[in-house]
Amino acid sequence: DDKASNFVTPLTIDSTGHVTKPLQPAVHAVPNAAQNDMATGIVTIVLGAEVYDTNSDFNVSNSTFTAPVTGKYLVACNVDLTDIDTATQWMYGNLLVSSNRNYYMNTTDPRKDYSADISKSFNGTAIVDMDANDTLLLKIRSSAHGAAQMNVVYGAGETWLTISLLQ
């Protein structure tokens with residue numbers, strides 16, 4: 001029977017008590033190309049590749065995670081930026097934008113920290129309450145600055161987003 005051969009056991013407990021859930025949503029998304037000379041305001045971090053996506057919940061064409069079920073999702077992210085213009089007054093380095101609320105995780109004022117164009121890494125973690133079909137994007141937000149020169153670092157694991165259903 002074809003249906004029986006395609007069936008995936010949703011929960012397994014082995015003899016030592018280890019629990020595995022192969023259908024549990026879990027995503028690790030990364031950039032697949034340069035994202036250079038970014039504008040001010042709110043900009044989506046382009047995550048065009050996946051290290052894994054166990055439930056096919058992440059869309060690489062628009063960098064969007066869509067919750068398959070209602071629950072609490074553990075979200076962690078890191079964004080590495082280069083050439084941040086010191087004319088930038090403030091910046092939220094990683095901003096999780098979900099259907100229910102926004103999570104402003106890190107902030108900086110490049111004018112106070114540096115005297116030349118800078119590089120900076122922003123990381124954060126949040127437990128995000130999502131309903132089925134809610135979406136989540138990783139973004140940055142910055143004030144007006146002198147030049148559109150800021151870049152996302154990619155290629156060696158510097159910028160990434162991971163999401164996993166907790167409950």
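Analyst: A nonpolar core is a set of buried Ala, Val, Leu, Ile, Met, Phe, Trp, Tyr and Cys residues joined through side-chain atoms within 4.5 Å. The model here is predicted. The mean pLDDT of the protein chain is 83, and 86% of the residues reach 70 or more.

Now the core itself. The largest one has 30 residues. Phe 65, Leu 81, Leu 96, Leu 136 and Leu 161 have the most contacts inside it. Several strands supply at least two residues each, among them β3 (26-30), β10 (91-98), β13 (118-130) and β16 (160-165). Strand β9 (71-84) is also on that list. With six residues, β9 gives the most to this core. In soluble globular proteins, nonpolar side chains tend to be buried together.

The structure holds one aromatic pair. Phe 65 and Tyr 73 form this pair, with ring centres 5.5 Å apart. Their planes stand at 65°, and over 60 counts as edge-to-face, so that is the name for this pair.

For contrast, turn to the surface. Leu 11, Ile 13 and Val 19 make a nonpolar patch of about 280 Å². Ile 13 sits in strand β1 (residues 12-13). Its relative accessible area is 55%, so Ile 13 is exposed.

One caution on confidence. Among the elements, helix α1 (residues 2-5) has the lowest mean pLDDT, 58. Strand β7 (residues 58-59) has the highest, 98. Where pLDDT is low, the predicted coordinates should not be read in detail.

Conventions: Residues numbered from 1 in each chain as written. Predicted model: local features only at pLDDT ≥ 70, side-chain atom pairs only at ≥ 80, totals over all residues. Heavy atoms only, no water. pLDDT = per-residue confidence, 0-100. Helix = DSSP H or I, 4+ residues; strand = E, 2+ residues; numbered from the N terminus. Phe/Tyr/Trp six-rings, centres within 6.5 Å; stacked < 30°, edge-to-face > 60°. Patch = residues over 30% accessible without salt bridge, like charges linked within 9 Å, V, L, I, M, F, W, Y side chains within 5 Å. Areas by Shrake-Rupley, 256 points an atom, 1.4 Å probe, with all protein chains shown as cover. Salt bridge = Lys/Arg side-chain N within 4 Å of Asp/Glu carboxyl O. Buried < 20%, exposed > 50% of the residue type's maximum accessible area, 1.4 Å probe, protein only.
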